Every structure is written in C-alpha cells, then in structure tokens.
Amino acid sequence: MGISPLAGKPAPQSILANIPRLVSAYYTNHPDPSDKSLLVEFGTSGHRGSSTANSFNEDHILAITQAICEFRKAKGISGPLFLGKDTHALSEPSFATAIEVLAANGVDIVVQSDWGYTPTPVVSHAILVHNRSNGPTADGIVITPSHNPPEDGGIKYNPPDGGPAQSDITAVIQSRANELLQGKNHSVKRIAYERALKSGRIVLKDFIGSFVGDLRNVIDMEAVRSSGIRIGVDPMGGASLPYWEPIADKYGLSIEIVNRSLDPRFGFMTVDKDGKIRMDCSSPYAMARLIDLKDTFDIAFGNDPDCDRHGIVTSSAGLMNPNHYLSVAAWYLFQNRPGWKENAGVGKTLVSSAMIDRVSASIGRRVFEVPVGFKWFVGGLLEGSYAFACEESAGASFLRQDATPWTTDKDGFIMDLLAAEIMAKTGKEPGELYTSLTNRFGNPLYERIDEPANAERKSILKKLVPEMISIDTLAGEKIEAKLSRAPANGAPIGGIKVVTQNGWFAARPSGTEDIYKIYTESFKDREHLLLIQQEAKEIVSGIFKKAGA
C-alpha cells in the first residue's frame, strides 16, 4: 500500500469533513440491524464507526449505553460513572445521548466542570482514585475514536479497574446492545436532555485540577522545572489542550503550546500516509509541523485527540519511533524509581520491538508479552507485577513513584513528561540515549506493512495456529518459536508470530480496517529485514491459497 502524494502536506479543503452532514446523519440515519457490518462491534478498545456510513449513529449510542447500564447494575456497580469525551465532531452529540440514557437509568454521572473535554487517561485516573475509598464502586465511559479520522466516532467502557474493558465484558455489552438495536431500541430507557440536566444525577468535577495536582506523584516535576527545559506541545486539536497551561503554571515549566486550534474538521493537520486526516502522533506525516519545530525546543510532544498516545520529538532524532522511545523509557524508569518492587517487570505487546526485551534483560527485569490491546496490562498494573506497560502504537503507562497504579489505560501526558524528566536527569535527549542502547544491544530495523484483506481472509488470520507454519527457517535463521498465544497469559493473539535469534514477524488482521498487518523486525540489516518481509508475505499468501481465499 503506497504513500499518498498528499502525505505530510497541509490538508486541502477538498478532503475536509462536512460537519453539519456528519452530525445530521448521527441523528437521522439508522443502521439496518440485518446488516452485521452495521451492528455494534467492540475492537481492541471500544466501538468505532461513522454516522454517514451508518456504523456510528444515535441508535448505536443508545443501545451501547443502555447495555452498559444493565451490565453495571448486574455487577452491583452503584457508584458514579465518569464520562469523558474528546474533540471529534461526533463526540458531542454522543455525549448528550449517553447522558440521556444514564440519567434515565438512575446513574450518577461525573463530567468536567465546564462541560469541556476529558482525555482517556484522566477518566482512568479518576476511577482508580475514587475506588481507593470504601464508597460505592465507580466506572467510566470515554467517547472517542482515538486518533482516527474526523468523520469517525467511538465509545469505550472502562470498568472499575480503570482500564479498557476485558473481552468477557465487551462481549456481554456488545451482545445486549445488538439485541436492543434489533428491537429498534424499544427497551432503552431515555429521558430528554433538558430533564437529564435537572435530574440531580449530574455532578460537575474539576478533572483538570485533580489530575494535574497529582502528576508530582508519578513524574519528578521538580527535576523538570529546575532544568529549565524548553518544551513544545502540540495537542493536535485534542482533549489535552486545556491541561497543558495548568501543568505549566502548577509546576513552573517552560511550555509553549504551538497549536491551540480546536476544529472538528482537523483542517490544520498535515495529511497521513494514506491521504487521510488522522491525528496519529506516531506518524511523521501527521506530525510534520511539530517535526519542523524540532530545533525550537529542547524537546516537544504531540498527542492524539483523547491523549492516550504520545509522540516525542527531539532535535537529534526528529519524531522518535515509538519502539525506540519505549526502550529508552524502560531503561530509564527501572533505574530511577527506587520505590518500585524489585520483581516488577515490563508488559509489552507481542508486536513491540525486541529491543525492549534486550534492554529489560540487561537491567534484570522480566518481560511479559501479551496480545495487542492495552486491556491485557490492566491486571498487572493494578497488582504491580507490571511497573511499565507499553505497546508499539505509542501507548504506555507506568506506576506512581510509590509503586501504586497511576492509570490502567494508556497515558500520553505522563509519557510526554517522562521524556522531559529523562532529559532533565540525564542531560541527554531520549534520541541520544536510544543510540547508546543500540551500541550495546544492536540496531534493529522495524517496519509494519499493511496489506488488503477481506472479511474471509481476516477470519483465517485470526484462527492461525503454529502447525499451519510448516517451515523451519526464516530469512536463513532457525525458527525458535511459532506463537498463536501470548507467552504471558496464554491468550490468543489473533494471528501468528514467528521468531528467530535476530528477527521476527507477526501477522494479524486489523480490527477496524479492511487490511491485515505484517510486523517485522531485524537486528541484522535492511537486506535481512526485506527477506523477512518477503517470506512473511509468502507464508500468509500460501495460507490464503490453501484455504481458497
């Protein structure tokens, strides 16, 4: 799949979303319940779709919110529900719809005091802080499609553990929501929005103040302040925007917000590799404007609209590859958090760089490999067996300095601020530190390839097992492992991973697009990487051919 000629360039007017049409379709379009592609489907983190495609309409939000209300009632969750939203156009109407259903079901709803935006990590943090008390248990909903295009909407549920809901929970919610959709939502409880506002069920809370004030317990904010580091921040039109000035003011940091735009069309963006507007802070194309400013600051950050991802820009490296920064973060954290347990390890997804494994081994920390999806880290972060948890798509979180959980969902804020702490404490950019790690452990080349795939092919990939891979070598090296289940927990990875001493590949279908992904890494050279990629494609194509797909 090639690079669009628009990639990295300012978004032209011709591709900007028609917001009135998008919002109108949210209310006026209705999904056909007999079309399975238009029903509720929870991916790695929530249900996503677009109103004009009939895959994310008011009908979906009514059904999903009602299903969540019934789930929490069945589980005895009687405390408040923290409700957050990001800056996508469909988030605002979805927020109002959710309030109508939650209030009708007698749920106490906690929202940002100025009715503004609340990022994913802030909701997770609020749930965990509340649930440390002995009162009724709280949970949360975040209305966001993450970094996805402006036309998209999304909604995800965070249960009392604060993280993305596990598959057994989302399966219940999804099934019930689709029952409601197929019954034309006749069983949904709902009251008018104006009545919901007067119901006494809505509590206004200063999420910003409580979250910002607590940051000193997870980041060495004094070290960052005293260093005088000049920091640039691009919220990319997202929910993190209202947080950065309070952070700067509270801790005396030198922060410049380089982009204060809030535009549901995200017309200020540079276009991603495929010609779409996508607020992906790990993409050099989407981050082109901040990369151009790399010499203006000592370090700079970008975040996606719900701030659960991070993009770190340094003068030496430009936009750091997420795997590179995660490797540096693991190396630094375990040597600068004396309050962490000696047996606490690193949680990582199977498709994250093996550099993280090599770094972790060097500092005596065990690595726990899990399937793709941050939900697999929740338990480990809660109990402290994972002190740092990360995934290749620029998502991570870590424990407070006293080894208690901070968030159990991805947190772009603390990963941004950690980069500043690292620079303040070491005197080196994270990019420079990564170079020093490659001098010790090798310099891996990591690439992901996206290939077209229909539903049949995606289904085949999900069901792959090691026995279907008949070869014994990959790119000239003996295969050491063929995995269809994660080593840390035995959970299916929804694909396959093949590992040798100096390289590996993994193949798995996308949960939201008609593609499958081949992740590849080589610790040798580009020729070796290209050979891994070629053989990986041949292996997958052979499986499709054998299945007649």
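Helices (H or I, at least four residues) and strands (E, at least two) are DSSP runs, numbered from the N terminus. The model is predicted: local features need pLDDT of at least 70, side-chain atom pairs count only at pLDDT 80 or more, and totals for chains, interfaces and linings use all residues. Residues are numbered from 1 along each chain as its sequence is written, and side-chain values use heavy atoms, with hydrogens and water left out.

**View 1. Thr118 in the loop between strand S4 (109-112) and helix H4 (120-131).** Thr118 has 1% relative accessibility and therefore counts as buried (under 20% relative accessible area; exposed is over 50%, partly exposed in between; 1.4 Å probe, protein chains only). Beyond its neighbours within four places in sequence, Thr118 is in contact with residues including Lys85, Gln112, Phe207 and Tyr243 (contact means heavy atoms within 4.5 Å).

**View 2. Helix H1 (residues 19-28) and its buried residues.** Ile19, Leu22, Ala25 and Tyr26 are the buried residues of H1. They fall within an arc of 130° seen down the axis of H1, so they line one face of the helix (the arc is that of the directions from the helix axis to the C-beta atoms). These residues pack against strand S2 (46-50), helix H2 (58-74) and helix H3 (91-104). Pro20 and Arg21, on the other side of H1, are exposed.

**View 3. The contact of helix H11 (residues 322-333) with helix H12 (residues 355-362).** Asn323, Leu326, Ser327 and Trp331 in H11 meet Met355, Ile356 and Val359 in H12.

Notes: Axes are lines fitted to C-alpha atoms, for helices over the stretch in contact, and angles run from 0 to 180 degrees between N-to-C directions.
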